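Visitor: Hi, could you walk me through this protein model? I'm new to this, so please take it slowly.

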Amino acid sequence: MATIVSTEVTHSRWSKLMVATIRLPDGQLTKRDIEDHGEAAVVLPYDPARRVAMLVRQFRTPPYHVSGDGMMLEPAAGRLDEADPESCARREALEEVGLRLTSLEPVACVWTMPALSTERAWLYLAPYAEADRVAKGGGLVEEHEEIEVLEVPLVELAAMADAGTLTEIKLLLLVQTLRLRQPALFT
């Protein structure tokens, strides 16, 4: 098994970039990059009565840099500032989409990009009703998020998944999980 011999921090701001020196099983040394910004919680709120999901659309610099299109459709998500991922998911739903969530349905805790990042994301589905919308959402002003809040019909999300146009991996995974768990919501 490979072991980490040392790490060197090369950049530290919102995330930390490091270079790790690795000893391979055959004894050779090599280097690997590590991006560390902590764990995250991600939640897909859905209204089973109206058959819609509450999502955000916001600008993301890396996709824009690569493809020229930086507007991403995403579930509510954020970095885990507290120890409890469920509390984080509830906080992010309130900040980003204005929903007070009570029930969370755990989906998984996944590595988002294990070849480079230390991020694990705690994924949840969360039913809501119109009465749970207690704020306008849009993110925190001091974080310059500029989030657009959208309610998207579940049938439209399923069509986007089938067409390959849901490009944010956590949203795709959550939509497909909801389809598996509650297929009647998508008819």
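Predicted model: local features only at pLDDT ≥ 70, side-chain atom pairs only at ≥ 80, totals over all residues.

Visitor: Okay, how many residues does the largest nonpolar core have?

Guide: The largest nonpolar core has 23 residues, and those with the most contacts inside it are Leu44, Leu73, Leu157, Leu166 and Leu178. The elements that give two or more residues to this core are the strands β4 (40–47), β5 (52–59), β9 (120–127) and β10 (148–153), together with the helices α3 (154–163) and α4 (169–181).

Visitor: And which element gives the largest share of this core?

Guide: The largest share comes from α3, which gives five residues. There is also a second, separate core of 18 residues, which includes Ala41, Val43, Val56 and Cys88.

Visitor: Back to leucine 44, what does it touch?

Guide: Leaving aside residues up to four places away in sequence, leucine 44 touches a list of residues that includes Ala53, Met54, Leu55, Tyr124, Leu125, Leu171, Leu174 and Leu178. As a general point, nonpolar side chains in soluble globular proteins tend to be buried together.

Visitor: Which residues form a nonpolar patch on the surface, then?

Guide: Phe59, Tyr64 and Met71 form such a patch, and together they have about 310 Å² of accessible area. Tyrosine 64 sits in helix α1, which covers residues 61–67, and this tyrosine counts as partly exposed because its relative accessible area is 44%, which lies between the 20% and 50% cut-offs.

Visitor: Switching to strands: how does β2 run relative to β3, parallel or antiparallel?

Guide: Strand β2 (residues 16–23) and strand β3 (residues 29–36) run antiparallel and are joined by eight bridges. Arginine 23 stands opposite leucine 29 in β3, and in the hairpin of these two strands, which has five residues between them, glycine 27 takes a positive phi near 95 degrees.

Visitor: What about β1 and β2?

Guide: Strand β1 (residues 3–12) is also antiparallel to β2, with eight bridges joining the two, and they form a hairpin with three residues between them. In this pairing, glutamate 8 stands opposite valine 19 in β2.

Visitor: Now the charges. How many salt bridges are there in the whole structure?

Guide: A search of the whole structure finds 12 salt bridges. One of them joins arginine 91 to glutamate 95, with the closest N and O atoms 3.8 Å apart. Both residues lie in helix α2 (residues 85–97), four residues apart, which is about one turn of the helix.

Visitor: Which parts does the salt bridge of aspartate 162 and arginine 179 tie together?

Guide: The side chains of aspartate 162 and arginine 179 meet at 2.9 Å, N to O. Aspartate 162 lies in helix α3 and arginine 179 in helix α4, so the pair ties together parts that are 17 residues apart in sequence. Aspartate 162 is exposed, with a relative accessible area of 57%, whereas arginine 179 is partly exposed at 23%.

Visitor: Which residues are linked in a network of salt bridges?

Guide: Asp47, Arg50, Glu130 and Glu151 are linked in that way. Lysine 170 and glutamate 168 also meet in a salt bridge, at 2.5 Å from N to O, and both of these residues are buried.

Technical notes: Residues numbered from 1 in each chain as written. Heavy atoms only, no water. Core = buried A, V, L, I, M, F, W, Y, C linked by side-chain atoms within 4.5 Å. Buried < 20%, exposed > 50% of the residue type's maximum accessible area, 1.4 Å probe, protein only. Contact = heavy atoms within 4.5 Å. Patch = residues over 30% accessible without salt bridge, like charges linked within 9 Å, V, L, I, M, F, W, Y side chains within 5 Å. Areas by Shrake-Rupley, 256 points an atom, 1.4 Å probe, with all protein chains shown as cover. Salt bridge = Lys/Arg side-chain N within 4 Å of Asp/Glu carboxyl O. Pairing = 2+ DSSP bridges.
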